[in-house]
Amino acid sequence: MTVTGWAQFLALIALLGLTAPVLGRYIAAVYGYADGDKAPGDRLFLPAERLVYRLCRVDPEREQHWTRYAFSLLAFSLMSFLFLYALLRAQGVLPLNPDGLPGLDPHVAFNAAVSFMTNTNWQAYAGETTMSHLSQMSGLTVQNFVSASAGMAVMAAFIRGIARRGATTLGNFWVDLTRGVVRVLLPLSFLVALVLVTQGVVQNLNGQTVVTTVEGTAQAVPGGPAASQVAIKQLGTNGGGFFDTNSAHPFENPTALSNLVQTWAILIIPFSMAFAFGHLCGDRRQGRAVFGTMFAVWAFMSVAVMLLEGAGNPLLGGMGVDQSAGYLEGKETRFGAAASGLWAAATTGTSNGSVNAMHDSFTPLGGGLSMLHMMFGELNPGGAGVGLNGLLVMVILTVFIAGLMIGRTPEYLGKKVTAPEIKLVMLYLLAMPVVLLGFAAASAVNDAALASLNNTGPHGLSEILYGYASTANNNGSAFAGLNAATWWYTTTMGVAMLVGRFLLILPVLAIAGSLARKRPVPATVSTLPTHTPMFGGLVVAVVVIVAGLTFLPALTLGPVAEYFSL
């Protein structure tokens, strides 16, 4: 890997190290104040929040039991889906459609509505030739905000469940949803959008402009409100591109600086959540331990993918071809192999899904590691809010396993972990692999599904596995070698997205409700400390073992077999 590649990696780490603790403290203040306490930005944000509560008839002082909290989340998600589906179907007769684009096909509209409602942002369509400006702004961008904020709200409820003693409530979903949008996502998105506009990211209401190229031919140049959507798609770990090629498109990501800013935006909120956890649970050591665990896995994956893509194609190397710039097929030369590998590790470690290179063109092991990163459960650092939830679930499982090893009832932050919580943890862990492997296996023997592949053999299987890994983990990135606009993939992947969202969120809320009712027990000399590097290493080992036992056979038939066939 080149010096430039290492410099990009170190610059990103420095930016995250400077900003994540500060933002984490702010997020903790946003979700942690109660009983009339002041919170940062009250003078600016509180009037807007009160207006929302008044219009929606929400009592911000009334907290909810975990079942009511979950019902509110489900009801909001259902209405979001219905609104977006109707908008996409009717966009052909609605305003702000300068290119006269028709309404979407029912299967594609269903898939897109589910995708953006679940914060997956999987796209079985080309953005600039499918979506009107109204659909982009009032449909997709709005969902980028609220779906991310919903995940952050569940994170806040989960932490309250861990921190509270003998409580029956977890907060108010509508208040948490509003605070996440108004106090966190909107201000950050405004600042990031301004930076992106200075770098040349498109922000207008124009349709396609026909220009004459230097060769004398006509070319349609797309326009639209891209910068505003790009900012929240990265900050909210959404990932849906305004243009078909996502952040590989020069109108979305024109410069090396815009690339660095967007990579930072993908990671900043998930990493900040770890520090917010430390503040909210009253033990900053726990937050630092969670951050260290997240960072260690992400950094390892980043360096590994960067080195694999920077090393080039072994077949070409054996032919004496100069590959000092790395393996550049499917990559933008303005970024290079290293920045593409770093982005891939960032986007597959979160539920982001944006790409600045075509993952279908990655080396077998580079693409395989990116796929494995999603299969870990996207908890290193994971999506906005939901990544922290996933890692805390793995922490609870680790505490349980460690308790069995030392013959002691497992405890986490003073709360005993018993059978009800472990049953919910098992439901959380099984939901995603069942739909991922089940639909992938069905697709591998379905002639209609196989017809959508660009490749046969191990690489074709990798395309299928990656597609379902992306949708079942609410990621949204694609290998770009799979035609997912068929009825089979739009339907099955829609189901995978729903399972990956709600059969993980609901167990998390149930665990939070169970822990909130418990009273802490005093620590003794035999209590396992959960803030140490040793415990962090144990958590990483559990994550790797669970993912390895579940997915290694499938990965062996896909990217590993392709590597050994070179």
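1. A word on the basis. This is a predicted model, in which local features need pLDDT of at least 70, side-chain atom pairs count only at pLDDT 80 or more, and totals for chains, interfaces and linings use all residues. Residues are numbered from 1 along each chain as its sequence is written, and side-chain values use heavy atoms, with hydrogens and water left out.

2. Do look at helix 3 (residues 66-90) and helix 4 (residues 106-117), which pack at an angle of about 140° with axes 9 Å apart. Helices here are DSSP runs (H or I, at least four residues), numbered from the N terminus. Axes are lines fitted to C-alpha atoms over the stretch in contact, and angles run from 0 to 180 degrees between N-to-C directions. The angle makes helix 3 oblique to helix 4; oblique is what remains after under 35 degrees (roughly parallel), over 145 (roughly antiparallel) and 65 to 115 (roughly perpendicular).

3. By class, the contact has 12 nonpolar, two polar and one charged residues. Ala, Val, Leu, Ile, Met, Phe, Trp, Tyr, Cys and Pro count as nonpolar, Asp, Glu, Lys and Arg as charged, and the others, Gly among them, as polar.

4. The whole structure has seven cavities of 30 Å³ or more. A cavity is a set of points on a 1 Å grid over the protein atoms alone where a 1.4 Å probe fits but cannot get out, and lining residues have an atom within 4 Å of a point. Volume is the space filled by probe spheres set on the points, which are joined across faces, edges and corners.

5. The largest cavity holds about 190 Å³. Its 17 lining residues include Val386, Tyr428, Asn474, Gly500 and Leu504, the closest to its centre. Helix 14 (386-406) and helix 18 (487-517) each give two or more residues to this lining, and helix 18 supplies the largest share, five residues. The lining divides into seven nonpolar, eight polar and two charged residues.

6. Two backbone details deserve a glance. Asn380 and Pro381 are joined by a cis peptide bond, with omega about 5°, and Pro381 sits in the loop between helix 13 (364-375) and helix 14. Leu96, in the loop between helix 3 and helix 4, has a positive phi near 55°. Most residues other than glycine have a negative phi, and most peptide bonds are trans.

Methods:
On a 1 Å grid over the protein atoms alone, a cavity is a set of points where a 1.4 Å probe fits but cannot get out, and a pocket is an open set with protein on both sides within 12 Å along at least five of seven lines; lining residues have an atom within 4 Å of a point.
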